[in-house]
Amino acid sequence: MKRFRTLSRVHDALIVNRAAGRTPRQLSTALDRATAPSSFPVLYRIQTSTSRLRRLPSKFCLPIRHASSTSTTPELQKTPLYDLHLAHGGKMVPFGGFHMPVQYSSQSVSASHHFTRNHASLFDVSHMVQHRFSGPGSNAFLERVTPASIVRLETNRNTLSTLLWPVTGGIVDDTIITRLGPESFYVVTNAGCREKDLKYFEEQLEGFKKEGGGKVEWEVLEGWGLIALQGPLSEDILRSILVEPEETKLKELYFGQSKFIKVKLLSGEASSPLLVSRGGYTGEDGFEISIPPAEAVAVTETLLQSATEENLQLAGLGARDSLRLEAGMCLYGHDLDDTTTPVEAALSWVIGKDRRTSGGFHGSEVILRQLTPKSKGGSGVERRRIGLVIDGAPAREGADIVDEKGEKIGNITSGCPSPALGKNIAMGYIKDGFHKSGTDVEVVVRGKKRKAQVTKMPFVPSKYWKGAAPA
């Protein structure tokens, strides 16, 4: 019975006012543009040298809406794997403007969560927005809109970053940026922020051009598949279908790196080059794979059938949400928003070391002062993102965090029972000074105060592949 109650709460949380669907995703990609596929379906293409937006024929232009739009009932889109989800018993819900599986008939959310931690699961994240920026101005443009050290980013490497608003430094969206070549980048943003992000990029490119920035071409890859293979068996499963396993050297592809590979499909044919990035949103070892539209189903079915259901299962949004919370990953629209800076969000590590002195990114005047506490001459911050372990009933988004006097000092932004820990965990923002690990507070759950303790994140140790530990 407990399992069904948990499922119900996860289901409700996912379908009510979900403004984002990310993969902090740890996504990535890479390879020099000379070896990367060049013919991408394009939704938008902007060049700062022409200042005009060109739209391709309507067959490539799908409706762009927020999942949480209330003005009209949005027409939900379908990922390339929609029919496959139904065939495998996927229970579909609206998410990020798409029909997405919250779970499958073969497993409960809790069972799927544990299966990912112990074996491997395959997640459809094709609702994410895949972009490509190229041209002589691409490095400078990305350094303008993010705090990442773009010029220091090596080819075939990626970095988690944030798109920022000018002046305030508020987070427009979280994103993964991968260098494909000297003047070429692969960028992934959230489905729920699609409309906002597209407008943001259009406006920022126009401003960059007017201020004398170099030429930048922007492409939105529409209709492409994106799947996340996550769990301790991921490497073995992917290696088993590689066309050239010895040459690919998957063991030498570390967390935060990517390359193009080919896999042997069930038909016996080799796939197109697939952009494979080591990382993910669950805290487990794994890979995110970008797939041309025509091959999305074939590649997914090849993985599932080659691995067999004993080793690999499809997983939905329910397990994805509990896995990412255990991993301490943020969900945009809940744990991050336009009013929150990277420093408040405990994401100061996304600010490159060189950027801390050179600045030059949106909101840098505010953000760089926040890095230094008031006691040392900076502005510091009034609140910080923290993790909590809570006694009794689980705390949900919106619950108040209070001190020993009952005064509000923060709020919960995400929360759920942790299947791996058997405890109730949550993420939220708390008044500066109460943010240190081990601090005892209380959380108001259904009108009752529950004891809680601030704790470090991730809640469950990450298992990213960074090479074998020294003997």
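**Exercise 1.** Which strand gives the most residues to the lining of the largest pocket?

*Solution.* This is a predicted model, in which local features need pLDDT of at least 70, side-chain atom pairs count only at pLDDT 80 or more, and totals for chains, interfaces and linings use all residues. Residues are numbered from 1 along each chain as its sequence is written, and side-chain values use heavy atoms, with hydrogens and water left out.

Step 1. A pocket is an open set of points on a 1 Å grid over the protein atoms alone, where a 1.4 Å probe fits and protein lies on both sides within 12 Å along at least five of seven lines; lining residues have an atom within 4 Å of a point.

Step 2. Strands are DSSP runs (E, at least two residues), as are helices (H or I, at least four), numbered from the N terminus. Strands S8 (158–164), S17 (383–390) and S22 (448–455) each give two or more residues to the lining.

Step 3. The answer is S8, with five residues. The whole lining has 47 residues, and Leu 160, Ala 346, Leu 347, Trp 349 and Val 350 lie nearest the centre of the pocket.

**Exercise 2.** State which residues of helix H4 are buried, and what covers them.

*Solution.* Step 1. Buried means under 20% relative accessible area, with a 1.4 Å probe and protein chains only. In H4, this holds for Ser 138, Asn 139, Phe 141, Leu 142, Glu 143, Arg 144 and Val 145.

Step 2. Seven of the eight residues of H4 (138–145) are buried, so this helix is largely enclosed by the rest of the structure.

Step 3. The cover, judged by contact (heavy atoms within 4.5 Å), includes S7, S8, strand S9 (171–181) and helix H5 (194–210).

**Exercise 3.** Describe how strand S11 is covered and paired.

*Solution.* Step 1. Five of the five residues of S11 (217–221) are buried. Glu 217, Glu 219 and Leu 221 lie on one side, with Trp 218 and Val 220 on the other.

Step 2. Strands pair if DSSP finds at least two bridges between them. S11 pairs with S7 (129–134) in the antiparallel sense over five bridges, and Phe 133 stands opposite Trp 218.

**Exercise 4.** Which residues does Ile 289 touch?

*Solution.* Step 1. Leaving aside residues up to four places away in sequence, Ile 289 touches Gly 225, Leu 226, Ile 227, Leu 238, Leu 274, Leu 275, Val 276 and Leu 303.

Key. Buried < 20%, exposed > 50% of the residue type's maximum accessible area, 1.4 Å probe, protein only.
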